[in-house]
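Visitor: I would like a short tour of this structure. Please take me through it step by step.

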Amino acid sequence: MGIPRGPGTGSDTGTGTGRIGRAGHRASRALTALRTGTGTLPAAARRAVRVTLAACVGFYTFLHVLRLPVPATYALFAAVALAVLSRIPGTGRQRSAQLVRVLPVACVLVTLGTLLAVRNWAAVAGMLVIGFCLAFGAAAGPRQAGAAPGLQLLFILPCFPPFAPDELGERLLGVVVGILLLILAEAWVLPDPPEPSYRDRVARAAEVAARCAAALAAPPYALSRAAAEEAVAAGESLRPSRSPEAERPAGPGVRERGSAHSGLAARTLLARLHALPVPAAGVTPLPESLDLLRGVEAAAREIGALLAAPSAETSRPRGPDGAARLALAAARAGAAAVVPALPADRRRQASVLEVADAALVLGEAVDIAVWGRGAVGDGRDTGRFWYARRSEPYLWWHRLAAHAGPRSVYFQNAVRIALALAVARTIAGLDTLPHGFWAMLAVLSLTRTTAVQTRHTVRSALIGTFLGAMAAGAVLTLAGTASTAYAFILPPLMLFAFTTGPLHGVGWGQAMFTNVVAMAFAQLSPSDWRLAEYRFLDVLIGSGIGLVVGLLAWPRGAHDELGRAVARLLRAAAGEVAATTRDDGPAGSEDLDSAEVQRALTLAESAYAQYQGEAQRPAGPGPDWQCALMAGHHVLWGARRVRASPGGLPAAPVAERRMREYGAWVAEGFLTASERYDVLRRAAAPPGRSPAGSGPEEADSSLDAPPRYYTALAWLDFLTADLVRMAASHPAQRMPVTP
């Protein structure tokens, strides 16, 4: 006979316990995903929690506890502006560090906005000047670019009637509290998992280069297929477009510039190792070449260890140059003085010398990236690292001055934003729009760098704002003046809004943000459904202003300007290659084309830096801009080495003819590449155009020529490899097969 089961016993209990356990397990997994997930949803959810916590703590404390509506408003908008409208890249700790630097700037902007609200013309002039300055500051790097929209809002918010200088203290109090709460939330609440830094990527590339050099220094003196693929992958990982935005070395400072050159030098070293000529079967390379490769291995491992050391920035046990790099420099000088008997050995030795030079340049760049100006002594030639002894203010001024012209997209974007804000402020002042700053907020959040992007963004935003206004109007009508209901609705609404907005695009973002501001303003003063109407009207006006100004002021983005800058660089490189291979003067002579390459390279690097921070772009197929910049460096550095090599260009007619033909062929290849990168000339460029002439013949290896000839030959071989890589990465380009 079975025992009767009462309620709450037996299988029912087990089933209930199992359900509770499964629910607890799902909740635990969701919490773990929230804390450690690296996808878009966990990242957006973490940020939503942080901004909601910071904004609501300040808003509710000032409004419902202290009964101070002005500080409550500014605490709310300070947190939302710098966490939602701004897109400061990096982890929570990195963003909190940037917010500490932003805090005094925010206070200054609130003060200026309050004082300029005295007259409409003063407010419009302030919008024009300060709007331009804040937007133009994006030229300094991604972090400054990310913070600019939020700072713009903190200037816009107090720059509206009524003119109330007596409220300045309360406004500053709210801003300071809101930003401090956001700093604490970013630093301690649900910290983001760390991402590999650009330094880590360079360190990994150095280790890969060390393994490749070790393989090339031992039989069979060639890279295996797996090693070659690893070298290519490590080089590709150094493309800044494949790095997190916060880790891209795009800033104007000494260390940022050194990090950028570290990536270029590491890619150069890997490319040189990958393209090193393989000796004939059964032939042992020269001892000097093998010693150089072993030296490159040791130096690369030393560089990787330096970058991986956690105390690298505060510890310098062996000085700027490590022992392995000093030994490599000495071995390189000794090998350069040796003239092999066989021409084939001379050519390979010249290629190995190129590898050693790339390793030494990588070491110099890494020193600067790690130690800054301390890496370069007073008596040390900075050469290509001209910035190493410059002060930070000078480098900032140099970066901003380089973009102070209509060919800079930073300048174009700043003019576009400043004009749109000034027009929006003029209309808001003349028509006395209720909550007119929402129109200016729409200008900030919806204007894009191209007219096409702005049009698509505005269309989605207006649809989303309309639907959001309808929902907000319904809530305001049903709840009436019951501010307690709005107080309970706001926090979960903010969590949902700031999570779904980044996931589903600008339409969802505008719809949810419309409801957020409606629930917040309904607590500040009695409101009805017309608040939602004003919101839609203001967004409509701001969107229209952004569209018109975007169509009139440089409707194209950064891609065109970067194409022009890179095309100029490649044209200058073509002239330098042709001049160097025609040069029959004494060793160490210089050519005027070198200065032109240097100037063009500086402009192209600046354009590339602004291209990285100007917009979020997927790391998909497209032109390898950094490959073109690398080619410019290779032209500049290689030309100097060719001119510094002992012995003039060959006096033998055959060798001289072949040298000039090869140089002319490579120069023509750079001209062809420049036409493909220059978007204005691309349509007019003849399809399938190839460089004139032909590459070197195999018989070149039998010529009895001085070392300078073989140095130039190795240099041109590597430049040809650069041309092939540029062709492979550029879908519009047609380049010939490597000769």
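**Rings, charges and a helix**

Guide: Arg390 lies over the face of Tyr394, at 4.6 Å from the ring centre. A charge sits over a ring if NZ of Lys or CZ of Arg is within 6 Å of the ring centre and within 35 degrees of the ring normal. This is a predicted model, where local features need pLDDT of at least 70, side-chain atom pairs count only at pLDDT 80 or more, and totals for chains, interfaces and linings use all residues. Residues are numbered from 1 along each chain as its sequence is written, and side-chain values use heavy atoms, with hydrogens and water left out.

Visitor: At what distance from the ring centre of Trp188 does Arg93 lie?

Guide: Look at the face of the Trp188 ring. Arg93 lies over that face, and its distance from the ring centre is 4.5 Å.

Visitor: How many aromatic pairs does a search of the whole structure find?

Guide: Rings of Phe, Tyr and Trp (its six-membered ring) pair if their centres lie within 6.5 Å; planes under 30 degrees apart count as stacked, over 60 as edge-to-face and the rest as tilted. With that rule, the search of the whole structure gives 8.

Visitor: How many residues apart in sequence are the parts that Phe132 and Phe411 tie together?

Guide: Phe132 and Phe411 form an edge-to-face pair, 5.7 Å centre to centre with 80° between the planes. Phe132 lies in helix α5 and Phe411 in helix α15 (residues 409-431), so the parts tied together are apart in sequence by 279 residues. Helices (H or I, at least four residues) are DSSP runs, numbered from the N terminus.

Visitor: Why is the pair of Trp438 and Phe521 edge-to-face?

Guide: The ring centres of Trp438 and Phe521 are 5.5 Å apart. Their planes stand at 85°, so the pair is edge-to-face.

Visitor: Is Gln510 buried or exposed?

Guide: Gln510 lies in helix α19 (residues 506-524). Its relative accessibility is 10%, so Gln510 counts as buried.

Visitor: Which residue's side chain does a polar contact of 3.0 Å join to that of Gln510?

Guide: A polar contact is a pair of N or O atoms within 3.5 Å; within protein, one must be able to donate a hydrogen and the other to accept it, and residues adjacent in sequence count only if both atoms are side-chain atoms. At 3.0 Å, the partner of Gln510 is Arg535.

Conventions. Helices (H or I, at least four residues) and strands (E, at least two) are DSSP runs, numbered from the N terminus. Buried means under 20% relative accessible area, exposed over 50%, partly exposed in between (1.4 Å probe, protein chains only).
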